[in-house]
Amino acid sequence: MTDKPLTDQLALVTGASRGIGAATAEALAKAGAHVILTARTAKDLEAVEDRIHQADGNATIAPMDLAEGDSIGRLAAAVGERWGKLDILILNAAMLGTLTPVPAIDAKEFAKLLTLNVGAQQALIAAFDPLLRAAAPGKLIAITSSVGATPRAYWGAYGASKAALETLVAAYGEEQRNLGKVAVAILDPGATRTRMREKAFPGEDPATVKPPEAVADRIAALLTDGFETGYRERVGG
């Protein structure tokens, strides 16, 4: 077995400036993939890119706001022109929003949350579908949360967005099932030491939850071993 099983594969990781996204980008690069990193903050992306390059990996940064205009379409066009395919798409970017009772949800914030957590994800799938199918087969993994399937008080806005994401991605998977062009999976990272988790659970001891590298390693293993469309997993620990 090679120690770089993803050699010659191209991966796009959203929300790659920190947390699970950054760790996943580094894990995929370590496995041999050329990784395209997207997030809003160029400085943070550059730091991840530097770590990848220092570890003899390959990466390209694409600072962008996924919820802004035709930024996704422009990125897809650039990837298609340069590489002609996309082997791996990791839908990781998301915003938590304010944890609050459903009647108190701020309409403007809710619209922004749904735009990023659902609308931008559909736009990514639409824009990169031809490039994923060109990889034959491409692989897509969407990052979800347990609150998408199990409602929790005060998590209505974020949970609704993840429930919608799961339905959207699962439907895309069913559309691809008989075509064999794109393998689609949904992964719940479980309790993980991220900035989003710290915001949601400010009193929690970070040492009691697993680091994002544990989730990243599982994602890299899934992509290496392969999976069938419709695969779902919750990362334990």
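This is a predicted model: local features need pLDDT of at least 70, side-chain atom pairs count only at pLDDT 80 or more; totals for chains, interfaces and linings use all residues.
Local features need pLDDT of at least 70 and side-chain atom pairs count only at pLDDT 80 or more, whereas totals for chains, interfaces and linings use all residues. Numbering starts from 1 along each chain as its sequence is written, and side-chain values use heavy atoms, without hydrogens or water.

**View 1. Helix H3 packs on helix H4.** H3 spans residues 71-82 and H4 residues 107-135. Helices are DSSP runs (H or I, at least four residues), numbered from the N terminus. The axes lie 9 Å apart, at an angle of about 20°. Axes are lines fitted to C-alpha atoms over the stretch in contact, and angles run from 0 to 180 degrees between N-to-C directions. H3 and H4 are therefore roughly parallel (angles under 35 degrees). Ile72, Leu75, Ala76, Val79 and Gly80 of H3 touch Ala120, Ala123, Leu124, Ala127, Phe128 and Leu131 of H4 (contact: heavy atoms within 4.5 Å). The contact has 10 nonpolar residues, 1 polar and no charged. Ala, Val, Leu, Ile, Met, Phe, Trp, Tyr, Cys and Pro count as nonpolar, Asp, Glu, Lys and Arg as charged, and the others, Gly among them, as polar.

**View 2. Helix H1 crosses helix H2.** H1 covers residues 19-30 and H2 residues 42-54. Their axes come within 10 Å and cross at roughly 25°. This crossing is right-handed too. Ala22, Ala25, Glu26 and Ala29 in H1 meet Val48, Arg51 and Ile52 in H2. The classes are 5 nonpolar, no polar and 2 charged.

**View 3. The largest cavity has a volume of about 40 Å³.** A cavity is a set of points on a 1 Å grid over the protein atoms alone where a 1.4 Å probe fits but cannot get out; lining residues have an atom within 4 Å of a point. Volume is the space filled by probe spheres set on the points, which are joined across faces, edges and corners. Among the lining residues are Leu96, Asp106, Phe110 and Ala157. H4 gives the most, with 3 residues.

**View 4. The largest pocket holds about 1200 Å³.** A pocket is an open set with protein on both sides within 12 Å along at least five of seven lines. Of its 44 lining residues, Asn92, Ala94, Met95, Leu96 and Met196 are closest to the centre. H6 supplies the largest share, 5 residues.

**View 5. The second largest pocket has about 180 Å³ of space.** H1 and helix H7 (212-225) each give two or more lining residues. H7 has the largest share, 6 residues.

Definitions and conventions
Angles under 35 degrees count as roughly parallel, over 145 as roughly antiparallel, 65 to 115 as roughly perpendicular and the rest as oblique. A crossing is left-handed if the near helix is turned anticlockwise from the far one by less than a right angle, and right-handed if clockwise.
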